[in-house]
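Here is a quick walk through a two-chain model. Have the structure open while you read.

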Amino acid sequence: MSKEPVAVTGIGQTHHVAARRDVSIAGLVREAAGRALEDAQLTWADIDAVVIGKAPDFFEGVMMPELYLADALGAVGKPMLRVHTAGSVGGSTALVAANLVAARVHRTVLTLAFEKQSESNAMWGLSLPIPFQQPLLAGAGGFFAPHIRAYMRRTGAPDTIGSLVAYKDRRNALKNPYAHLHETGLTLEKVQASPMLWDPVRYSETCPSSDGACAMILTDRTGAARAPHPPAWVHGGAMRSEPTLFAGKDFVSPQAGKDCAADVYRQAGITDPRREIDAVEMYVPFSWYEPMWLENLGFAEEGEGWKLTESGVTELDGDLPVNPSGGVLSTNPIGASGMLRFAEAALQVRGRAGEHQVDGARRALGHAYGGGSQFFSMWLVGAEPPAV
Amino acid sequence: MPEILTAPLVVEFPFTRSLGPVQSAFLTGLRERTVLGVTASDGRVVVPPAEYDPVTAEEIRELVEVGTAGTVTTWAWNPAPRRGQPLDTPFAWVLVRLDGADTALLHALDAPGPDAVRTGMRVRIRWAAERTGAITDIACFEPDESTGDDGRTREPVAHDGQFPDLLTGITAPARLDYTYSPGAAQSRYIQALADRRTLGERCPACRKVYVPPRGACPTCGVATSTQVEVGPRGTVTTFCIVNIKARNLDIDVPYVYAHIALDGADLALHARIGGIPYDQVRMGLRVEPVWADGAFPHSPEDMGAAPIPDHYRPTGEPDADYDSYKELI
């Protein structure tokens, strides 16, 4: 028996900001879930199961927050699952939900991911005072910056590529009312003049810290037929993992990322991702990761990713728009960031992305990664149902 | 030093909580010696109040005031209170259904011993002298000997949730006490540092040398038991210049955070580079450890003044060819 085709019929997110002091964590997730239900024109009673994800409990210091959120998410009397795969969690959470529908375990599933960074301190959570170790690291930027330098050395990319990505993503965010950063006066010169935090990573090439949540309603063919708006159909989805550090690890282009993309393309029947995919939402917390992932995901040959960025291919009106939503560089509620990539891909193929709609987007890739470039999750969604 | 090291690891942080409308009213109410609940869609009064209906998931906002005395629905004796618990003498954890409420609230009951506690007993709130808008504004419960109509609220009374200076957020300090052990392999590594030696371990399957060792090869999944001395010199494979000061670090910025492939190691370790201006550090730079007396921070005092590689400095050798270390980046 083949898998049940999975449709995305509802998408909701909060207006992401630095601090939502007016709501509890429950109130925050509720907003996103409510908007997803409204989009799908469903009620809580229509939901068969809830799959929730967030980054480490350490970040907000609420142990197993899914327990406390059961009533806010209408999960009483229903199965509720929690997923955790560090920064990629928003993506893997959606995939777990999609698999429940594909396997015909449930017909309609609410999936949601969140982070309330104003109640947390991610930099602290990632830099605990472990005995017998010299504390050295200053947050995630310090971890990833040396790998960016390695990419620059390996490819000979000009120093300016990172600033082009940041400038593009922040301009895209101006078209997205849900994005956290709306830097109306930003210029390329300002990006290039912003302070170096973790050389070679500048302040303006770094993601913000956001409060936000994202929710999606995933359903089967029957549910899709009843949906008030065109659904997005899942054509492929995959996750891959590898250790954080091992001899032979390629931090610039991790094998797990390549394998994950290859699996998704195989499921979706994609042989030439550069030509066959119309829009990409990839997890770019530091601007240089756009060219790095373009290569890792097979959109460019090794060493050539930066040329796509430099030539404008990844602009909103380019041949392969990357991060039309403004991306993680403009909005980063960590746990939700992966799901926001998946949701934006779905919005694009549903034609419901508003001002940041990519004209004629029929197939889009959503991508997330997490940990020390060790967890990868991706899905490919299309405007048409998959061939069964 | 012991064969396998251990050290205390304290993880603590003052988390903040945005309360939202319902918890805001509830906690501000406690400050004003008022206990609020919320009426659910089935008419039950939920105390402490929830934001969303436990049955229908609908938003519920109909606040009511309930009594400050109630009935114990179940309990457990706590013979050895720990730091941060409501009382520092033995007490009972109790679930109390306050008068007018349909659900029970978890708190502490001040009682002389377990014989003095029973399900069904009447208790009342002992308010804290100083109240800030926190669950600890209820210092604890105490046995309530009074009977009959003493003027206390018995039925829930509608409440608008409004108080002067409504609290919208609280600080919730959290602390976890661990005993941390780096395990056998890293203990061997740390103890060798005392002799100014850097010990890696070789995987018997893939022959790769891990520094610091973890006791197992993450690729092959087999134990590494052969120690291999590596370094002391190595090559900077990549690095960044850190310009922002982390709150838990007392290193002056800017400093260079580098990946260093020690000679003989198959992956880089991470360390600070010194003895050279930060803007002259480069990939391929040859470096050696600078040993400093004094144990690692956050480590037990019985580590003594064993030397550790505080940072690495240039050796003065010519830079390594890119091809010689590119596989280690």
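This is a predicted model: local features need pLDDT of at least 70, side-chain atom pairs count only at pLDDT 80 or more; totals for chains, interfaces and linings use all residues.

A residue counts as buried here if 20 or more other C-beta atoms lie within 10 Å of its own.

How does its radius of gyration sit against that of a compact globule of 329 residues? Such a globule would come in near 20 Å, but chain B has 30 Å. The C-alpha trace, for its part, spans about 90 × 40 × 35 Å along the principal axes.

Now for where the two chains meet. On the chain B side 53 residues are in contact, and on the chain A side 48.

| Element of chain B | Residues |
|---|---|
| Strand E1 | 7–18 |
| Helix H1 | 20–31 |
| Strand E11 | 169–180 |
| Helix H2 | 183–193 |
| Strand E15 | 234–242 |
| Strand E16 | 255–262 |
| Strand E17 | 269–273 |

E1(B) gives the largest share of that side, with eight residues.

Over in chain A, helix H3 is worth a look. H3(A) is mostly covered, with twelve of its 14 residues buried; among them are Val89(A), Leu95(A), Leu100(A) and Val101(A). After H3(A) comes Arg104(A), which has a positive phi, near 60°.

What does H3(A) pack against, and at what angle? Its partner is helix H14 of chain A (residues 334–350), at an angle of about 60° and with the axes 5 Å apart. Angles from 65 to 115 degrees would count as roughly perpendicular and those under 35 as roughly parallel, so H3(A) is oblique to H14(A). From H3(A), the contact uses Val89(A), Gly90(A), Gly91(A), Thr93(A) and Ala94(A). H14(A) answers with residues including Gly335(A), Met339(A), Arg341(A) and Phe342(A).

One last stop in chain A: UniProt, in an unreviewed entry, places the feature "domain: Thiolase C-terminal" at residues 243–372. In the model, that stretch of chain A is 41% helix and 8% strand, and its end C-alpha atoms are 8 Å apart.

How values were computed: Residues are numbered from 1 along each chain as its sequence is written. Chains are lettered from A and ligands numbered from 1 in the order in which they are written. The radius of gyration is taken over C-alpha atoms; the globule rule is 2.2 Å times the number of residues to the power 0.38. UniProt positions are given in the numbering used here, feature names are shortened, and annotations may be inferred rather than shown by experiment. Helices (H or I, at least four residues) and strands (E, at least two) are DSSP runs, numbered from the N terminus. Axes are lines fitted to C-alpha atoms, for helices over the stretch in contact, and angles run from 0 to 180 degrees between N-to-C directions. Angles under 35 degrees count as roughly parallel, over 145 as roughly antiparallel, 65 to 115 as roughly perpendicular and the rest as oblique. Two residues are in contact if their C-beta atoms, placed from the backbone, lie within 7 Å.
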